[in-house]
Amino acid sequence: MLDQTKYLLHILDTRDISELISNLHSLNPELNHLVYEQRILKEHPISLHSLNYLVQFIENFINSFRLITDIFPQYELNDFQAFKRKVNQEIIKKFRAFVESDGEIHLEKHPEIAPLYQKQQELEFKIRTTLNNFLNASTHENKIAFKTIDLINDRYVVPIKSDSYESSIGQIIHRSDTGHTLYIEPKSISQDNFKRLELIVQIQAIIARVERDFIRKLLPFLDQIKLIFSFYKFFDELYARAKFTKQFNLSYPSLSPDKGFRLYNAFHPLISNPVKNDILLSPDNKGLIISGPNTGGKTATLKLLALTQTLLRYGFFIPCDEGHIFLYDRIFYFGNDNQDLTKGLSSFAAEVENYKDLLQNLSTSNLILIDEIFNSTSSEEASALAIALFEKLDSISECHIIISSHHQTLKSIMHQNNDYISAHVGFDLDENLPTYTLHYGTPGASQALQIFYNMTSKHQYFQDIYNQSLKYIDNKVIHYEKLLNSIADKENELSKLLRDNRSLNQQLKNQKKSMEGVIKLKINEAVKSTEEKLKNITNKAERVLQQVKMGEISKVRQLD
């Protein structure tokens, strides 16, 4: 796929293929070629609108055939001239006689439908003339709700005020939502409405037959149609890859047979004006440990590596000036907090579950990317677990492990391990801003204290916090006994709070049961009352119905 993308980029630079691109843009993006192929194979009818999309595909391919086969010879058609002649005579010419390329249908141009369509147009003109006279007649002036002609259920109607309706006007076809307006088919047009419907049914029957006939005519060309669909699907994907490559200035990579990568001036394509870095990992190394301050680019680097591997799999070029890269069998990226309270998973437990899945799904070669490994637990334990995890991964499969971390012990131990490369992202203390530059050979400080100081130095209380924090770090002394006493006091407070909560919880449960009983009684009372009201309404409605049937009520006003 990479070579296909490279080939099309060369074509775009050296030849004018605007015709092909224009054809591609003119096609319906929602067209499902499998549905069309199945319908043609089974001779199931397709609407004229849908047929138009199919005819467009065929027309575009025929018109651009020489250009297409010159660039992509694999799409050559056997005996193309015979195919072109037959399709033009039997399908395209007849179809385009009454359906334009934009999908507009001209029934008046179809030889069989035209006479019926002409009668329909004449009848509709007659109906509208009659209805306009009806609306403008002085005898109907106070009955008309508004002077418009509507088409409801394929019948022409006029709006009449419900309190002015008389059966002599005509049949009620529809009522407005409010019931104040009735849509009436006047008796003067009822026969014409019926004739019009008959014509519509005849026209629709012919259209259905025409649609079936076109499908039958397409069946002998099904293999060629499949090839046409195949070409446009291929070209659409290829052009998208080439366009994306040009838009983001991606580079053709050199695929390496050995694990690792050398990406020079690599950048994340979705970052505006990105700082470019070299990202290097040789087959002799087992991984890369990236440290440094927050917002310094650690996460962006990990995502860039995941994106590079993904782009490569789909035939895209990669975001760097020059790249030598190995295509791993599997990529694993762990970046977000997957805490799930509904499953009882803390952030740490969720991360452990991820690594359990990881160990069960390793392949021959693996690129494992972990952002802030074991960040939700204590630094010493996290460091020990992380190092042990790396050792296990290395013992059971071929892996390259790239992680970011703030854990001091992890950074220090892995820096002494020659199998892993230490790196860090830079930070400009004077500007109080990250440089986004990746430095190799040493771990980096988190710079949390310095960043904290720079951000809060003008506030007195925060100065005290900063100075006090330095005291604890410099002396490395924590008053252990005092801490334990404090913990004990907190435990006592917590126990008392838990007892109070249990008592309160029981009280609430009792109140809930009591309220449930009251609510049930209220509901029963409301249901009983509503049933009685409903029964009264039903009885009244039945009496009115009987009066209508017996003729005691004959007018709308009496019924109201």
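Which helix does Ile62 lie in?

**View 1. Ile62 sits in helix α4.**
This is a predicted model. Helix α4 covers residues 48-63, and Ile62 is part of it. Is Ile62 buried or exposed? Ile62 counts as buried, because its relative accessibility is 7% and buried means under 20%. Now look for Ser347. Ile62 and Ser347 are 285 residues apart along the chain. Their C-alpha atoms are separated by 59 Å.

**View 2. A salt bridge joins Lys246 and Asp13.**
The structure holds 16 salt bridges. Side chains of opposite charge can pair when their charged atoms come close. Here the side chains of Lys246 and Asp13 meet, at 3.3 Å from N to O. Lys246 belongs to helix α9 (residues 222-247), and Asp13 belongs to helix α1 (residues 2-14). The pair therefore ties together parts that are 233 residues apart in sequence. How much of each residue is accessible? Lys246 is partly exposed, with a relative accessible area of 43%. Asp13 counts as exposed, at 56% relative accessibility.

**View 3. Glu43, Asp213 and Arg216 are linked in a network of salt bridges.**
One link in view is between Arg216 and Asp213. Their closest N and O atoms are 3.2 Å apart. Where do these two residues lie? Both are in helix α8, which spans residues 190-218. They are 3 residues apart, about one turn of the helix. Arg216 counts as partly exposed, at 43% relative accessibility. Asp213 also counts as partly exposed, at 28%.

**View 4. Lys259 and Glu398 form a salt bridge.**
The two side chains meet at 3.3 Å, N to O. Lys259 lies in the loop between β5 and β6. Glu398 lies in strand β12 (residues 398-404). So this pair ties together parts that are 139 residues apart in sequence. Compare the cover on the two partners. Lys259 is buried, with a relative accessible area of 16%. Glu398 is partly exposed, with a relative accessible area of 46%.

**View 5. Four strands, β5, β9, β6 and β7, form an open sheet.**
In what order do the 4 strands stand? The order is β5-β9-β6-β7, and the pairing is mixed. Strands β5 (254-255) and β7 (277-281) stand at the edges. Each has a single partner strand, so one side of each is left without a neighbour in the sheet. Follow β6 (residues 261-266) next. Strand β6 pairs with β7 in the antiparallel sense, over 4 bridges. One place to look is Ala266, whose bridge partner in β7 is Asn277.

**View 6. Strands β1 and β2 form a hairpin.**
There are 2 residues between the strands. Asn153 is in the turn and has a positive phi of about 55 degrees. Strand β1 (residues 150-152) and β2 pair in the antiparallel sense, over 3 bridges. Leu151 has Tyr156 as its bridge partner in β2.

**View 7. Strand β2 also pairs with strand β4.**
Strand β4 covers residues 181-186. The two strands run antiparallel, and 4 bridges join them. Ile160 stands opposite Leu182 in β4. How many residues of β2 are buried? The answer is 5 of its 7 residues, so strand β2 (residues 155-161) is mostly covered.

**View 8. Glu100, Asp102, Glu104 and Glu108 form a negative surface patch.**
Focus on Asp102. Asp102 lies in the loop between α6 (80-96) and α7 (114-136). Is Asp102 buried or exposed? Asp102 is exposed, because its relative accessible area is 58% and exposed means over 50%.

**View 9. Met515, Ile519, Ile523 and Val527 make a nonpolar surface patch.**
The patch has an area of about 350 Å². Val527 is one of its members. Which helix holds Val527? Val527 lies in helix α16, which spans residues 480-549. Val527 is partly exposed, with a relative accessible area of 39%.

Key: Residues numbered from 1 in each chain as written. Predicted model: local features only at pLDDT ≥ 70, side-chain atom pairs only at ≥ 80, totals over all residues. Heavy atoms only, no water. Patch = residues over 30% accessible without salt bridge, like charges linked within 9 Å, V, L, I, M, F, W, Y side chains within 5 Å. Areas by Shrake-Rupley, 256 points an atom, 1.4 Å probe, with all protein chains shown as cover. Salt bridge = Lys/Arg side-chain N within 4 Å of Asp/Glu carboxyl O. Lys, Arg positive; Asp, Glu negative; His and termini not counted. Charge placed at Lys NZ, Arg CZ, Asp CG, Glu CD. Buried < 20%, exposed > 50% of the residue type's maximum accessible area, 1.4 Å probe, protein only. Pairing = 2+ DSSP bridges.
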